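Subject: Structure for you to look at

Hi,

Here is the structure I promised to pass on. Please open it first, then read my notes below.

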Amino acid sequence: MVDLVVRGGKRLNGELPVQGAKNSILPILAATVLCEGTCELCRCPMLSDVENSLDILRELGCRCRMQDHCISVDASALTGCSISEKLMCGMRSSIVFLGAVLGRIGRAVISSPGGCELGPRPIDLHLSALREMGAEIVEDHGFLYCSTPSGLQGCEIDLAFPSVGATENIMLAGALAKGKTVIHNAAREPEICDLAQFLNAMGGKVSGYGTDTVTVEGVQCLKGTRFCIMPDRIAAATYLCMAAITGGKILLREVCPAHLIPVLSVLKQAGCTLELGESTIRLSAPAELNAVPTIRTQVYPGFPTDAGPMMIALLSKANGTTVFVENIFENRYRYVDELNRLGAQIKVEGRVAVVRGVSHLSGAGCSCTDLRGGAALLVAGLAAEGETCVTHTEHLMRGYECLQENLAVLGADIKYQ
C-alpha cells in the first residue's frame, strides 16, 4: 500500500487528454461474454477495476490481452458460469456479469458484489427484472444460484428507479433473449449509450438509448467487433475542479463537453471562465472562487453524484456558503470528516451538507474512504498550505489512470511514498 504526498499551493496549468470511461468499459467488458468471437476495445483506461474485470473474464474461460490501452477479449471458448467471491467483492459493477453470463450460458453462480461503501445499493431491481425475463434465482448464504430453464424471454420491465446497473444488466440479458425487451424508466447516462452502441456494433438491436425507454430486440448471436470507449466525464470533472481550486488554467482534450453540462454550469457560477470545443474544455480559474447557493445530485442529465465530492472540496475554499443535497447515495459524505481535517468547514445532516468557504486550507494526514472521496481529498490538498499525506490510495487506482503522473505534468508537487 502506498501513500500520496501533496505539497499544496502550486497552480495547475497545461494540457491533458482524458482517459477512457471507467463506468463504460466495465459493462462493455461484461458484454464481450455474449460474443462468440473476438472483440477489440480501444482507449481502455489502465485501472484496478479493469484488471479485476479481466480476471473475471479469464475465470469464465475467455482469452484476454491488454496492451497500450487496447484490450482483446476472445469469448469463443467460454466454459465457466461461476465467478469467485473474491473477484465479485472487488467492485460493485461486477453484478453486470450476471445478465451477460445468463444470456450466453443460461446459468450463473455469483456472490453479492462489493465496491465502495456508499450506503445501501440493493440489487433487487436487477434480480426482479431477470426473474421477469424467466430466470430462476435462489439466494443462499450470500450466493446467487441462477438458471434459465426455458431461456430468457423478452418482456416489458418497469424500473422503480432509473438504475444504471439494472438498465445495463437488462440490456445484456435481453441481447440474446427471445423476443423484445422494453425497459421503462431506464437510465439515460452516456455510459448506457456507449454500451448500447457496442452491442449494436456486435450485431445487436438496441434502440431508444439516451431516453427513458430502451428497447432490446434479441438476436441469435453476436459477432466480434472493434470499439472505442467514450471519455470519462467524472475524471474530466475531477481535473477541472483541481485546476479551479488552485487558480490554474487547464485544457482537457479528448473529452465530451455535452456530458458535463451540470458540472460546467456550477464551475461558471463559481467564477471560472470556460471555452468549449467539439472535444475540448479550457478552464481559467478566478483569483477567488464564489460559493454556489445550492447543488442537488440527480440522475442524468442532472448533476452527477460521482462529481459531488470533488465539487464540495472545491467550494470549501469559496467565498460564501453552499448547500449540497445528495439524492443518490445515503452514505456519500463519509469523506467529509477527512476534508475537515484540512480546515474545511462542512456540516452534514442526513443528505444535506452545508459548506462554509474558508480563506485557506492546511495540509494534514487523511485517508481515502472511497474512490471519489479520495479524489476530493486530493482536490483540497492541492490548494492546502503545507503537506497533505493521503493514505489508502488503492481506492483512487480503481478510477484514475496515472493520477500522480498527470498531476505532476500539470505542475503539482505530488509523489508516492
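One term before we start: two residues are in contact, or touch, when they have heavy atoms within 4.5 Å. Keep in mind that this is a predicted model.

Start with Leu283. It touches Leu240, Ala243, Ala244, Gly248, Lys249, Ile250, Leu267, Cys272, Thr273 and Leu274. That list leaves out residues up to four places away in sequence.

Where does Leu283 sit? It belongs to the largest nonpolar core, which has 76 residues. Leu267, Leu283, Met311, Leu378 and Leu407 touch the most other members. Helix α8, residues 233-245, gives this core its largest share, 11 residues. There is also a second, separate core of 74 residues. Ile56, Ile83, Leu87 and Ile170 are among its members. In soluble globular proteins, nonpolar side chains tend to be buried together.

Now the whole chain. It has 14 helices and 23 strands. The radius of gyration is 21 Å, close to the 22 Å that the globule rule gives for 417 residues, so the chain is as compact as a globular protein of that length. Its C-alpha atoms fill a box of roughly 65 × 40 × 40 Å along the principal axes. Buried residues make up 58% of the 417.

Contacts also reach along the sequence. Take those between residues at least 6 apart: 72% join residues at least 24 apart.

Last, the surface and the charges. The chain exposes about 15900 Å², and carbon and sulfur atoms supply 48% of that. There are 36 positive and 43 negative side chains. The centres of the two sets lie 4 Å apart.

Best wishes

Methods:
Residues are numbered from 1 along each chain as its sequence is written. This is a predicted model: local features need pLDDT of at least 70, side-chain atom pairs count only at pLDDT 80 or more; totals for chains, interfaces and linings use all residues. Side-chain values use heavy atoms; hydrogens and water are left out. Helices (H or I, at least four residues) and strands (E, at least two) are DSSP runs, numbered from the N terminus. The radius of gyration is taken over C-alpha atoms; the globule rule is 2.2 Å times the number of residues to the power 0.38. Buried means under 20% relative accessible area, exposed over 50%, partly exposed in between (1.4 Å probe, protein chains only). Accessible areas come from the Shrake-Rupley method with a 1.4 Å probe; for residues, only the protein chains shown count as cover. Lys and Arg count as positive and Asp and Glu as negative; His and the chain ends are not counted. The place of a charge is taken as NZ of Lys, CZ of Arg, CG of Asp or CD of Glu. A nonpolar core is a set of buried Ala, Val, Leu, Ile, Met, Phe, Trp, Tyr and Cys residues joined through side-chain atoms within 4.5 Å.
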